[in-house]
Amino acid sequence: MSRRLHPPAGSPVIELSMVGRLEQIPYVAERVERFGAAHGLTSRVLHDLQVSLDEVLSNIVKHAYTDAGEHRIRVRVWIVPSQVVAEVVDDGRPFDPMAALHPLRKSARERALAGGLGIRFLRSLVDDLHYERSGRTNRLVMRKALGPQLE
Amino acid sequence: MDIGVEHLGAVIRLTPHGRIDSASSAVLAERMEEIVAQGGRRLVVDFRDVKYVTSAGFRALLVGDARMRDAGGRLALCCLPPDVQRLFDLAALNDDFMIAPSLEASVAQLQLS
């Protein structure tokens, strides 16, 4: 396990652990939504964060595992004054969403059908992505600026 | 995910509630398949109660649209909330669907097409 990021003392933080299955993802989204809303995140920021988390988690569940064993994914979300930070840690095979390349498609429709849309959403909806492979663990940290706090 | 179904003359309206995500998009895909299989040829998906659509949801919609067209039918989408419209913009898929701002406009489009 590599060094852990530490949310600044006093920041609101939620820590979740899910089994690596698709049907678990909505529960994580729901918990993150309630956490974010309780700490004043705008619905737009929460929307973008939930879509991004779904893309990351579903990608892990669908592509990261090379055996049929049970895997767990850890999700932590915390809020600092200007940003919300989400960290996803999994034990699947290495995958850096920032380095993922997709062959040139003829159209947006083909890209969406071929599976390139999730990465596009992820890159567009968060402000910063940091990926790190350490031992047998992937760690992806997403940061999103909170922007104006009034809706 | 809970999906409302309503018949408006020859037009069938589906109203999904909540997240059209990696887990629930299969439910929407299945429902659209069923409608085509049962002979429905005019379908509107009403997004007014949708929180968000992930890439899996967009794939389900594209496949549903293709199935409907192959069967000689038409799929329309209406009432996209602003955040959902932003995802359609990011996906550059606005021109791949028949999208209207209101249910009435979608129903009119479907009846004319």
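Start by selecting Phe47(B): at 0% relative accessibility, Phe47(B) counts as buried (buried means under 20% relative accessible area, exposed over 50%, partly exposed in between, with a 1.4 Å probe and protein chains only). This is a predicted model, where local features need pLDDT of at least 70, side-chain atom pairs count only at pLDDT 80 or more, and totals for chains, interfaces and linings use all residues. Residues are numbered from 1 along each chain as its sequence is written, chains are lettered from A and ligands numbered from 1 in the order in which they are written, and side-chain values use heavy atoms, leaving out hydrogens and water.

A search of the whole structure turns up four aromatic pairs over all chains (rings of Phe, Tyr and Trp, the last by its six-membered ring, pair if their centres lie within 6.5 Å; planes under 30 degrees apart are stacked, over 60 edge-to-face, the rest tilted). Phe47(B) sits in the loop between strand 3 (42–46) and strand 4 (50–53) of chain B, while Phe88(B) is in helix 3 (residues 82–91) of chain B, 41 residues apart (helices, H or I with at least four residues, and strands, E with at least two, are DSSP runs numbered from the N terminus). Phe88(B) is buried too, at 0% relative accessibility.

Next, pick Phe97(B). Phe97(B) pairs edge-to-face with Phe88(B), 5.9 Å centre to centre and 75 degrees between the planes. Finally, show Phe121(A), Phe47(B), Phe58(B), Phe88(B) and Phe97(B) together: they form one aromatic cluster.
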